[in-house]
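My notes are below, in the order I looked things up.

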2 protein chains.
Amino acid sequence: MAERRVRLRDVAERAGVSVGSASQAFGRPELVSDDVRERVLAAAHELGYPGPDPAARRLRTGRAGAIGLIFSERLAYQFTDPASPPFLRGVSLAIQQAPTGLLLIPDSRQRDEATRLVREAVVDGFIVYSVPQNDPRVEAALARRLPVVTVDQPRGAETPFVGIDDRAAARSAAEHLRGLGHERVAVLSFVTTLEPGSTLQLDITVERLAGYEDGLGDAWDPALVRTCRPNAPEPARAATLELLREPSPPTAILAMSDILAFGALEAAGEHGVPVPSKLSVVGFDDTPGAAHATPPLTTVAQPHEEKGRLAAEQLIDAIERGGTREPSRTLLPTELVVRGSTAPPG
Amino acid sequence: MAERRVRLRDVAERAGVSVGSASQAFGRPELVSDDVRERVLAAAHELGYPGPDPAARRLRTGRAGAIGLIFSERLAYQFTDPASPPFLRGVSLAIQQAPTGLLLIPDSRQRDEATRLVREAVVDGFIVYSVPQNDPRVEAALARRLPVVTVDQPRGAETPFVGIDDRAAARSAAEHLRGLGHERVAVLSFVTTLEPGSTLQLDITVERLAGYEDGLGDAWDPALVRTCRPNAPEPARAATLELLREPSPPTAILAMSDILAFGALEAAGEHGVPVPSKLSVVGFDDTPGAAHATPPLTTVAQPHEEKGRLAAEQLIDAIERGGTREPSRTLLPTELVVRGSTAPPG
DNA sequence: TACAGTAGCTGAAACGGTTCAGCAACCGTA
DNA sequence: TACGGTTGCTGAACCGTTTCAGCTACTGTA
């Protein structure tokens, strides 16, 4: 079967014109006469020509018409994180303006498969979204010599950067609890490196821990820090139950995400500890569910959508300007949103 | 500035080998001697060669290494719909196996811009996700003569199809209310066509309306159908308030999405109508928030993630098999999840 | 020493377009 | 009639790879 693919050359031949004219008929119709254009289009139709091959056009013109998005975690997992949709919404807003496509690059179990995908992506630039330090995919992206914009982490990337001041944001949450009078404050943390002992460090975890420590001052107690993996309610629930069962349980909990905070609330309910009178909980992200939780969650709001939009806009801008540009650094504001899940220790 | 791009030819020259060998050194290292491979890699390093150009490779090999995803609505809006993340999670699961990239194709204000993006996408196939009938982007995708899989709608697509039986699912929700004894049942519906009077029909809306009618039987009253646009709580809230203010208000509401149902719950609260004792509400989708709503929402669960996974798997399969295949039709099961938002009329 | 077999390299032909210099034909004007 | 100016078409170069037929040089065996 598989009859030969129809090429522009075939169309030109059938229409009785040169391939050059045939190409114009599709790409720059104003350059050819009506007569030629119609003949070409008719021939294309008769032959079932699917239109100029994108790959070939790309090769010649040098523009891919898409930007690549490199995520931290497995792609599938990424879509369980409530922070992703607003971020992607922001990115979408920007690429609809261009307009340009968005290529999601999945992670893969094998590290080298993953970097291969980065090397082979047909894109004009990359957004690196919250990726650990020393991730080989970032190096692969940089090696492509295309414009790259980093979001959230890695912190030290030699590219334009868009993010928040995680340390200050975490500090504000901790100070809030401290101001209420809490002395025993536990922390539900993300992992600090992706695999134990690896160099794949997650900068924002480190930053936020530092911020919590800043804000808690002498109330900071490393023994009350629990690492939750993955970022889901269940591990947080388990960790919280464990904390509550201790001889002198914490009176407040700082969670690095709302998701973790939800797990904590769940555990408190199960254990019969009323929130906020006996236990205060602070989240991070201000996801849509936070306001509707019971009790409504006190949390640190950060502008996910804005991050996505700015990152994509900066990238598109860099692509259009032809790349080179000194690394800029955009830190967006965060805000502590005080709701019903925090109160003085009771 | 802009020193000339480094090509494989330059690397070969520097390493003192033919371009053929240089190509092998990258792509099929087992075919060249260690000596050549090392010389090539060293030369590449010295010259700052970013690796074989993906566009050129694609042209030559004929594989794009990515699949395209065509959404119904503006991309940005799409990420406000809670059904999208699980769907994308399913797609991600499948493409991580391959592995292959996922190109999101944004809609654009101008219709022709949008179809241009479809025509120019460097992909091996398309997933059409919940797109209206006669959408020109679907035609553009079909014209590419690449494998296409349709999800949800358009219903009549001449491609493999993955979806649910929307009519039966809606009927089950309506029958539930009917079984509880409700006589006056309102419906919060999606729009039926994208623009008023256009031929861009949304099949699932039509199907679900038919299902509601089936299930309600003689209790079906077209005057109690309200169209909510967009799919967001606010329009549903407004419509519900309006319904509740009528002389003889409905005792139950069928909503085409949980999002709409949430708006209805909100309105009921505002209007002082207790749910479920004075007003029953049924949603659709069983989104994560449904179980935690107050009261917990009775809703029709549908397997979004499964849809995404199956669609992507079928597409990848078709691509690997070289395309041709008779259109299959996969209808996934739905389930009415009865929670606390429905009760006999009181 | 002769010869078959193998490993490794070269060179050129695709892949399917876009772009552009150059040319032919035609127009209007003096 | 001569001539500058348009308009529209052709043909070929080029984009940067991969692939493969064919060649060379070497290895091992009889």
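**Entry 1: outline of chain A**

I remind myself that this is a predicted model. I counted the elements of chain A and found 13 helices and 12 strands. Next I checked how spread out the chain is: its radius of gyration is 26 Å, well over the 20 Å that the globule rule gives for 346 residues, so chain A is more spread out than a compact globule. The C-alpha trace of chain A spans about 90 × 35 × 35 Å along its principal axes.

I also looked at burial, and 53% of the 346 residues of chain A count as buried. Then I took the contacts in chain A between residues at least 6 apart in sequence; 71% of these join residues at least 24 apart.

**Entry 2: where the chains meet**

I turned to the two protein chains and found 40 residues of chain B in contact with 40 residues of chain A. On the chain B side, the elements giving two or more residues are α4, α5 (75-78), α6 (84-97), β2 (101-105) and α7 (111-120). The largest share, seven residues, is from α6(B). By class, this side of chain B divides into 24 nonpolar, eight polar and eight charged residues.

A strand pairing also crosses between the chains: β2 of chain A (residues 101-105) and β2(B) pair in the antiparallel sense over three bridges. I followed A:Leu104 across and found B:Leu102 as its bridge partner.

**Entry 3: the nonpolar core**

Which residues touch the most other members of the largest nonpolar core? They are A:Ile127 and B:Ile127, in a core of 98 residues. Leaving out residues up to four places away in sequence, I listed what A:Ile127 touches: A:Ile67, A:Leu69, A:Ile70, A:Val149, A:Val151, A:Ala311, A:Ala312 and A:Leu315.

**Entry 4: β3 of chain B and its neighbours**

I moved to strand β3 (residues 126-129) of chain B, where both faces are covered. B:Phe126 and B:Val128 are buried on one side, and B:Ile127 and B:Tyr129 are buried on the other. Strand β1 (residues 66-71) of chain B runs parallel to β3(B), joined by four bridges, and B:Leu69 stands opposite B:Ile127. Four bridges also join β3(B) to strand β4 (residues 148-151) of chain B, again parallel. Here B:Tyr129 stands opposite B:Val151.

**Entry 5: a closer look at B:Val148**

B:Val148 is found in strand β4 of chain B. Why does B:Val148 count as buried? I found 24 C-beta neighbours inside 10 Å, and the cut-off is 20 or more. Beyond residues up to four places away in sequence, B:Val148 touches B:Gly125, B:Phe126, B:Val128, B:Ala141, B:Leu142 and B:Thr159. Lastly, I checked B:Pro327, 179 residues from B:Val148 along the chain, and their C-alpha atoms are separated by 9.8 Å.

How values were computed
Residues are numbered from 1 along each chain as its sequence is written. Chains are lettered from A and ligands numbered from 1 in the order in which they are written. This is a predicted model: local features need pLDDT of at least 70, side-chain atom pairs count only at pLDDT 80 or more; totals for chains, interfaces and linings use all residues. The radius of gyration is taken over C-alpha atoms; the globule rule is 2.2 Å times the number of residues to the power 0.38. A residue is buried if 20 or more other C-beta atoms lie within 10 Å of its own, exposed if 12 or fewer, and partly exposed in between; C-beta atoms are placed from the backbone. Two residues are in contact if their C-beta atoms, placed from the backbone, lie within 7 Å. A nonpolar core is a set of buried Ala, Val, Leu, Ile, Met, Phe, Trp, Tyr and Cys residues joined through C-beta atoms within 7 Å. Ala, Val, Leu, Ile, Met, Phe, Trp, Tyr, Cys and Pro count as nonpolar, Asp, Glu, Lys and Arg as charged, and the others, Gly among them, as polar. Two strands pair if DSSP finds at least two bridges between them.
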